Amino acid sequence: MGGKSSAQRKGKKSGKTKKQGQGRGPARAVGGVRNDFSGAEIANSQVLGQGTMAVKTYVQQYAPVPTALDALPALPQEFTGRADDLAFILGVLDPDRTGNGPAVAVLSGWGGVGKTTLAYASGHASQKQGWFTGVLLVDLHGYDPHPAQAEDALEALLRSLGVRPEHLPPPGAGREALYRSQLNARQELGERLLVVADNASAVAQVQPLLPPGHHGMLVTSRHGLPGLGRMRTVNHLQPEDAVALLGAALKSNDPDDVRVEEDPGAAERVALACGYLPLALQITAALLSQDPGQPLAERADALSQSEGVLDGLNDGERSLRAMFDQTLDRLSPQEQDLFRLLSLNPGPDVSTPAAAVLADQPQPATERLLGRLAAGHLIERSPAVRGRWQMHDLLRAYAHEQADAVMARGRVPRRRYEQARDRLVDHYTEHAEKADTHFHPPGSPVSSRFSDREQALIWFDAERENLIATAHTSPEAGLNLGFALGRYLDWRRRLQDHVVIRSLALDACRTLNNTRNEAGAWNNLGIALRELRRFDDARDAHETARNLFQQAGDTHGQAGAWNNLGSALQKLRRFDDARDAHETARNLHQQTDDTHGQAGAWNNLGSALQELRRFDDARDAHETARNLFQQIDDTHGLASAWHGLGSALQEMRRLDDALHAHETARNLYQQTGDTHGQAGAWNNLGTTLKELRRFDDALHAHETARNLHQQTGDTHSQAGAWNNLGTTLKELGRLDESLHAHETARNLFQQIDDTHGQAGAWNNLGNTLQELRRFDDARDAHETARDLHQQAGDTHGQASAWNNLGTAYRGLSRFDEAVAAGQKAVAMLAAAQDWFRTGEAWGELATTLTDAGSDPERVRDAWNESATAYTRAGAEEEAAASRTQADGTEILEEQLPAAACPPSEGEPPSGATAGTVA
């Protein structure tokens with residue numbers, strides 16, 4: 001891609017339904033899907049990258065992974081009261097409760113009122129009853145500037161359930177399905193889990209997290225969230241309970257602290273000043289413990305003197321702000337400063353190294369300060385990851401106020417805080433750019449800050465929310481992080497985030513008048529848009545990038561833009577234009593002596609040539625790409641080239657060679673850790689195995705592809721894998737399962753508005769319906785497929801639908817229409833020079849003519865035409881079978897009377913080899 005030293009990644013996902021082709025390779029016949037992404041250019045360099053994108057599903061057969069099902073923190077010793085609330089919640093969670101409603105309770109109330117602790121207490125109480133075997137905990141950060149999205153929460157929950165990071169689907173239906181399947185599987189094993197979704201702000205955050213079956217859920221929020229489960233408003237503590245909490249908190253620090261017992265009136269005043277809020281009471285107890293000689297009356301007087309803390313939590317008598325001020329006053333200057341500085345972090349949490357950058361202090365010293373802030377309940381350690389820290393919503397708002405107040409004192413303090421913010425942005429940007437080097441094409445410099453790609457991924461995963469939030473803070477940050485994050489987001493299949501971050505980079509280039517990087521930003525945005533199947537927008541973006549590169553005289557950038565443009569044009573089914581674009585890219589890369597770029601362009605050219613049914617030329621293109629990738633030791637590119645080569649070889653009926661190519665691609669993708677690529681290779685491997693009539697092996701391959709595609713959340717590729725799975729199930733005689741598979745594929749294609757994919761699914765659905773002898777339904781399905789293929793401009797697909805429509809008419813004994821449909825199919829397939837399927841179509845037409853009682857000479861001619869077409873396709877075994885049918889027709893002509901009746905119910909004569917075209 002272009003721009004900020006744009007590195008281009010060539011990859012292409014084909015929209016076909018039969019198999020996933022190489023690089024940008026076309027998918028063959030209606031029965032398969034090839035999702036190849038080898039025409040993509042990505043982010044920070046103008047070096048073309050390439051890759052094949054494959055489809056995934058979720059089958060949980062992984063090696064054992066540790067789970068985190070004991071996530072509830074221990075209750076503080078001072079927890080008290082809440083008896084009525086606990087009784088309500090336990091009534092909801094009781095597995096023997098009356099009624100059929102879900103075991104979901106939604107706890108709402110103001111900040112600091114104790115909703116989270118109440119949820120923890122309910123979890124402990126229900127576990128003590130033996131109602132749950134484990135607890136999952138997720139913080140939704142609902143009131144942060146950038147709340148956690150449901151897909152992020154699902155990722156955290158799936159990791160807690162033991163799903164490995166590389167098997168996590170991207171956002172979407174696949175992730176939700178995997179979450180539900182994990183919980184269903186545990187229910188089948190007799191387990192019952194409690195999900196605690198803390199700090200939600202919207203129903204949309206929680207809805208996808210609702211557990212299926214008999215599992216339970218607790219939700220906490222400042223807002224009422226109707227429609228999720230039983231709602232309960234959590235109010236402040238009763239005065240006596242608040243005093244009890246204060247006394248217990250003091251004794252937890254010093255069992256000999258008797259100030260509450262000695263002055264119960266002052267204790268009541270302290271509790272009142274804290275608004276009976278557990279958070280305020282706990283912080284006050286911490287302050288009192290730090291000053292064991294302070295009387296409660298003095299503390300009560302101090303708390304009552306100030307105006308309120310945070311405007312939203314002030315009833316005119318009680319001030320949380322005053323308590324926070326006093327807490328801050330008790331800190332050392334270094335601790336106060338760090339507390340204020342932490343508010344400058346734009347994301348939901350902060351790592352110790354990032355906090356050290358803010359403080360401009362050594363990391364050990366900063367960690368000690370963070371520990372002291374945590375001891376005072378101003379921040380807390382992340383329960384999920386050691387070395388990360390988070391701040392309560394109220395305290396975060398207070399820290400912001402404090403930082404603003406300091407910056408308002410004058411130019412010097414304002415400049416100091418601005419420098420701290422700049423250091424943090426630089427820290428995130430520098431690390432992101434160095435982690436990104438592990439995703440560059442082979443031969444590019446790699447930073448030693450991260451030992452390998454896996455370590456870079458771990459850092460990216462931990463800091464992703466902070467990085468995206470930082471990218472929104474300024475044009476400069478948007479530019480730098482927009483280029484540095486792209487490859488990672490594409491690798492993790494976080495496609496929405498990918499578009500957002502690429503758009504930020506482009507906006508930044510315009511704002512900063514950065515013409516040098518604008519072309520690359522357009523190119524990168526085009527790739528992200530194509531992955532989201534916004535093909536028209538992707539084409540426009542790549543054309544803009546190409547023109548800008550041309551204006552700048554950047555040949556290398558032009559080459560990358562042309563290559564990516566070709567990939568977008570393939571998705572738009574403009575195959576001649578795509579071929580021209582890839583040839584232009586190849587020639588420009590040759591001018592600049594860029595071997596990697598040439599390899600990617602050759603591979604994508606092979607994909608376009610396959611769509612044009614020039615399979616010999618496509619094979620040569622993929623072999624050239626393979627050899628070039630071998631020269632530069634690019635394993636991932638090599639996998640893509642083998643992937644595309646296998647598809648071309650299959651179309652040439654060199655099935656054993658195709659099998660070897662797809663197996664090689666699969667193994668290479670596994671070496672590189674590209675799950676999406678593996679899925680595509682498995683899918684294409686399945687189509688080849690099916691052609692070799694190894695149906696059980698094909699079934700395993702397509703199921704593996706489907707499951708991998710579901711894990712990555714690629715709906716389009718899932719649909720293709722389901723469609724291929726259906727055709728294999730039909731061959732195995734498992735017709736009801738085949739029907740379900742094709743219907744699932746059709747529905748998924750409808751979800752993403754893929755007309756071409758829907759057409760293929762309808763066509764294959766019709767074939768299965770014919771096997772079930774539901775000929776009326778089959779006719780309707782094939783007519784729908786034909787019409788959709790016409791809408792998509794796919795002549796070859798139309799021919800396949802016509803052929804299958806003819807066999808459906810034959811099953812209905814509507815022979816004139818069957819003959820007309822068969823003739824239409826033969827003509828269209830011959831015009832497309834698809835000789836193998838032309839042979840199939842002539843065989844179907846011959847069978848129809850036989851059933852219709854046509855002149856035997858006409859039947860014999862049709863079989864001979866079938867044999868001739870098979871011979872042109874190099875399919876000698878099929879050609880011999882058709883010639884045998886022709887010879888048999890001659891014998892019948894001699895033996896049968898002229899008025900011979902056709903076989904009953906339109907069945908082909910014994911030994912006929914014709915089959916429906918997929």
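Is aspartate 360 buried or exposed? Aspartate 360 is exposed, at a relative accessible area of 53%; here buried means under 20% relative accessible area, exposed over 50%, and partly exposed in between, with a 1.4 Å probe and protein chains only.

The model is predicted, so local features need pLDDT of at least 70 and side-chain atom pairs count only at pLDDT 80 or more, while totals for chains, interfaces and linings use all residues. Residues are numbered from 1 along each chain as its sequence is written, and side-chain values use heavy atoms, with hydrogens and water left out.

Aspartate 360 sits in the loop between helix 13 (352-359) and helix 14 (363-375). Helices (H or I, at least four residues) and strands (E, at least two) are DSSP runs, numbered from the N terminus. The phi of aspartate 360 is positive, about 55°, although this residue is not a glycine. Most residues other than glycine have a negative phi.

Aspartate 633 also has a positive phi, of about 60°, and is not a glycine. Its loop lies between helix 26 (615-631) and helix 27 (635-651). With 61% relative accessibility, aspartate 633 counts as exposed.

The next residue to look at is proline 102. Proline 102 is found in the loop between helix 1 (83-93) and strand 5 (104-108), and its relative accessibility of 52% counts as exposed. Leaving aside neighbours within four places in sequence, proline 102 is in contact with Val92, Arg97 and Leu228, where contact means heavy atoms within 4.5 Å. Glycine 213 is 111 residues from proline 102 along the chain, and the C-alpha atoms of the two are separated by 8.5 Å.
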